[in-house]
Amino acid sequence: MSFLLEIKDKIKEYAEIIASFVDCEVEIVDENMLRIAATGKFERLVGKTSKGAIYKDVLLNGESHVVENPSRHRLCSECAFKDRCQEKLEIAAPIYHDGKVIGVIGIVALTDIIKYKVLRNVRLYLNFTEQIGDFISETISEVKNNNNLERIDILQKVIRSFDKCAVILDKDNIILDANEKAIKELEIEEKYSNKNKLSISFVEENIFGKKVFEIESEKEKLKVIGTLVPISSLIQKECTIFFFNIYRV
């Protein structure tokens, strides 16, 4: 059994975090090309073997790829599905552990709008994806050593990388941490206390399929587009990350 398969619940949460950051579909495969986790349209393929030539090349050479129009890329020339490929852009980054490539994180844009959004900040997205690969390696080491720690420090590093508001909440929606953008929008103190509770109410899905919420802190009430991502497996504590942007009609 691969390292990634052994911690598949944690890998699923990492995939959801990446998807929230990049607004793309995400796949994570192990060294056997087995899909350990995936989001969106690819979620139904978890547990099945990927045939992606780009992932194979990353596993072989240990280098990240940013591929525009994958169906026309040299690595995909032999792919049986290239003529009906819906992928507009793919980013693939290796996951290293103890000096070996043990898997690949794949980010896939399925529309031109998302493709060009990613390309405008491609270095940011690639750096973030590679950083998550490092966190996965740390997680594997902790599991191997039976050190199941409350690794909220890892998530604190993650949310500070986001270009959207991000808060870490406990089971009672008390804010445990927030990035600078969220602190500004919610007008909360950086020194968190029990009064920093965030009320979150689902309102609707908008025409783009995004979830709209009403959120309320001690000082602010806002309508936002957001995503709630459970992270209990990652930090051994019942918590979620709430990613959001202000909803502008």
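Colleague: Glad to be looking at this with you! How many aromatic pairs does the structure hold?

Modeller: Welcome! This is a predicted model, where local features need pLDDT of at least 70 and side-chain atom pairs count only at pLDDT 80 or more, while totals for chains, interfaces and linings use all residues. Residues are numbered from 1 along each chain as its sequence is written, and side-chain values use heavy atoms, with hydrogens and water left out. Rings of Phe, Tyr and Trp (its six-membered ring) pair if their centres lie within 6.5 Å, and the planes count as stacked under 30 degrees apart, edge-to-face over 60 and tilted for the rest. The number of aromatic pairs here is five.

Colleague: What kind of aromatic pair do Phe202 and Phe213 form?

Modeller: Their ring centres are 5.8 Å apart. The planes of Phe202 and Phe213 make an angle of 75 degrees, and the pair is edge-to-face.

Colleague: Which parts does that pair tie together, and how many residues apart in sequence are they?

Modeller: Strands (E, at least two residues) and helices (H or I, at least four) are DSSP runs, numbered from the N terminus. Phe202 sits in strand E8 (residues 199–205) and Phe213 in strand E9 (residues 211–216), so the pair joins parts of the chain whose separation in residues is eleven.

Colleague: Is Phe213 buried or exposed?

Modeller: Buried means under 20% relative accessible area, exposed over 50%, and partly exposed in between (1.4 Å probe, protein chains only). Phe202, at 48%, is partly exposed. Phe213 has a relative accessible area of 6%, so it counts as buried.

Colleague: Phe213 also pairs with Phe242; how many degrees lie between the planes?

Modeller: This pair is edge-to-face too, with 5.4 Å from centre to centre. It links distant parts of the chain, as Phe213 is in strand E9 and Phe242, 29 residues away, is in strand E11 (residues 239–246). Phe242 is buried, because its relative accessibility is 0%. The angle between the planes of Phe213 and Phe242 is 85 degrees.

Colleague: Let's move to helix H2. How many of its residues are buried?

Modeller: H2 covers residues 8–22 and reaches 21 Å from its first C-alpha to its last, close to the 21 Å expected. That expected span is 1.5 Å times one less than the number of residues. Among the buried residues of H2 are Ile11, Tyr14, Ile18 and Phe21. H2 is mostly covered, and of its 15 residues the number buried is eleven.

Colleague: Which residue follows H2, with a positive phi?

Modeller: The residue lies in the loop between H2 and strand E1 (25–30). Its phi is near 55 degrees, and the residue is Asp23.

Colleague: And where in space is Ile168 relative to Phe243, C-alpha to C-alpha?

Modeller: Ile168 belongs to strand E6 (residues 165–170) and is buried, because its relative accessibility is 0%. Leaving aside neighbours within four places in sequence, Ile168 is in contact (heavy atoms within 4.5 Å) with residues including Ile152, Ile231 and Ile241. Ile168 and Phe243 are 75 residues apart in sequence, and their C-alpha distance is 9.0 Å.
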